Structures are given as C-alpha cells and as structure tokens.
Amino acid sequence: FTKSLIKGKLVKRYKRFFADIKLNNEVVVAHCPNTGSMMGLLDEGNEVFISKNDDPKRKLKFTLEIIKVKKKLVGVNTHFANKIAFHGLSNNLIKEVSNNDIVKPEVFFDKETRFDFLLQKKNLKIFVEVKNVTLFRNEKIAEFPDAITSRGSKHLKTLIEATKKGYKTYLLFLVQIEGVTDFKIAKDIDNEYYENYKLAKKAGVKFLAYRCKINSKEIKIEKKIKIIND
C-alpha cells in the first residue's frame, strides 16, 4: 500500500460495489472492489482497513482493502490478486514456477479466454490462472469458491484445452487469509466446479495454493499450503 490504511468498522455492504464504513463518529461510503459473495466476511461491526485516494476524478474516496474476521486479516481487494501473483512470480516466491525469463500478464489463449499469466523459460510456455480466495468456515481451512462460479468452471475447461495443446498449466489459489494451513474446494457450494477440478487434475493441470502475509502496509505471498481435496 502506498499510504497507511485507515481502520474502521463495517456497517454494511450493498449493491455489490458499496460499503458503509464507520470512522470515529462519521460513516463514509467506500468502494468495494470485490463483487463476489464475500461469504462469512460481512458481519456488521467487523474491523476493516480502507485506503484513501485523493484523485478528484474519483467518486468514492475510500476503498475497502482488508476485513478482520475471527482474529484473521482477509484481503478483499480482488484487483490486487494479480498484482500479488505478479510480484510472487517475478520474485520467485512460487517455487513450482520460478526463474522465468518472461512473465506476461493477461494473455489470450483463444478468442474468448485470457489467462492471467503466460510464463516463458527456454522452450517452455506455462499458463497460470489465479483465483482469489477469501472464504474460511474453519479457522485452519481456506475454501474456494464462495458462490457458484460458471466462469471458474469455464477457466478449468480452457486450462484442459491448453494442456492438450502442449502448454504446461497451473491454477494458483491465492489465499488472502492470515494463518490458514490448508485449502480445499468447497464442493457443497459448487459441485460442478469440484467435478471440473477433478477432470482438470486428471488432464494434467497442476493446482497450487499459496497463502499471503497480510498487514496494513503490504500483502504478499508467504508460503505454500496443502490442498486437501480427495
């Protein structure tokens, strides 16, 4: 974060993009850069951290960045997920895909699908798709998805296509939740996603889960955690 974050309390999130935040004695409206369900994160009174932007062109001066839930900080700005991943890929923090000659964001695979990153080293081309993870119903286990995601299933199918065409393919679950030790697919929330995950795994797509270190100054990749789906 370029400036210190401001601590407040969550009043409510509404219309997907807005959140009312209590700062001392006033309530401000912050932009909510996460259009997902944010399941388990939106209880009134949760401690939050927001950033302030003084750009006169911006309608909303504040952005919701972090929510504290059950003593854990959770990074909720989905726009940061690819920046965190880019930093991790560029600084060899993800050991399975380290020492790349080129890290290219947002690369088209076909007319309809872009993957988050194309990595190149020597003659190897690797596609990496990133999924931001903010759900935990057990304090040790992060889960994805937090709502039915047909887009997520489509990405899995396209990763299978890319694998068939000779690319190496990875899906990185970027866990923006402090202190969790494991990750799993929330099959009770989206069983179709779980079935496509199993197909992709069988087809040779590699799955990784990495947890972030989170504080009010920075969010960056910290360590790999175990994927515990059968």
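**Contacts, sheets and helices in a predicted model**

Student: Leaving aside neighbours within four places in sequence, which residues is T158 in contact with?
Tutor: T158 is in contact with F109, D110, T113 and F115, where contact means heavy atoms within 4.5 Å. This is a predicted model, in which local features need pLDDT of at least 70 and side-chain atom pairs count only at pLDDT 80 or more, while totals for chains, interfaces and linings use all residues. Residues are numbered from 1 along each chain as its sequence is written, and side-chain values use heavy atoms, with hydrogens and water left out.

Student: Why is T158 called buried?
Tutor: Its relative accessible area is 7%. Buried means under 20%, exposed over 50% and partly exposed in between, with a 1.4 Å probe and protein chains only, so T158 at 7% is buried. The residue lies in helix α2.

Student: What makes D20 count as buried?
Tutor: D20 has 12% relative accessibility, and therefore falls under the 20% limit. The residue is found in strand β2 (residues 18-23). Not counting residues up to four places away in sequence, D20 touches K9, L10, V11, K12, Y14, V27, V28 and V29. V130 is 110 residues from D20 along the chain, and their C-alpha atoms are separated by 29 Å.

Student: How do you know that β8 and β9 pair?
Tutor: Five bridges join β8 (residues 114-121) to β9 (residues 124-133). Two strands pair if DSSP finds at least two bridges between them, so five bridges meet the condition. The two strands run antiparallel, and F117 stands opposite V128 in β9. Helices (H or I, at least four residues) and strands (E, at least two) are DSSP runs, numbered from the N terminus.

Student: What makes β7 and β15 edge strands?
Tutor: The open sheet of six strands has the order β7-β8-β9-β12-β14-β15, with mixed pairing. β7 (102-108) and β15 (219-224) each have a single partner strand, so one side of each has no neighbour in the sheet. Neighbouring strands here are turned by 35° against each other on average, direction ignored.

Student: What is the strand order of the sheet of four strands?
Tutor: The order is β10-β11-β13-β16, in an open sheet with mixed pairing. Its edge strands, β10 (135-138) and β16 (226-227), pair on one side only. β10 and β11 (residues 141-144) pair in the antiparallel sense over two bridges, with L135 opposite E143 in β11.

Student: Which strands does helix α2 lie across?
Tutor: Helix α2 (residues 150-164) lies across β8, β9, β12 (168-175) and β14 (206-214), at about 150° to β12. Helix α3 (residues 191-203) packs on the sheet as well, touching β9, β12 and β14, and its direction makes about 115° with that of β14. Axes are lines fitted to C-alpha atoms, for helices over the stretch in contact, and angles run from 0 to 180 degrees between N-to-C directions.

Student: Why is α2 called roughly parallel to α3?
Tutor: Their axes come within 9 Å and cross at roughly 10°. Angles under 35 degrees count as roughly parallel, over 145 as roughly antiparallel, 65 to 115 as roughly perpendicular and the rest as oblique, so α2 is roughly parallel to α3. Residues meeting here include L156 and I160 in α2 and Y193 and Y197 in α3.
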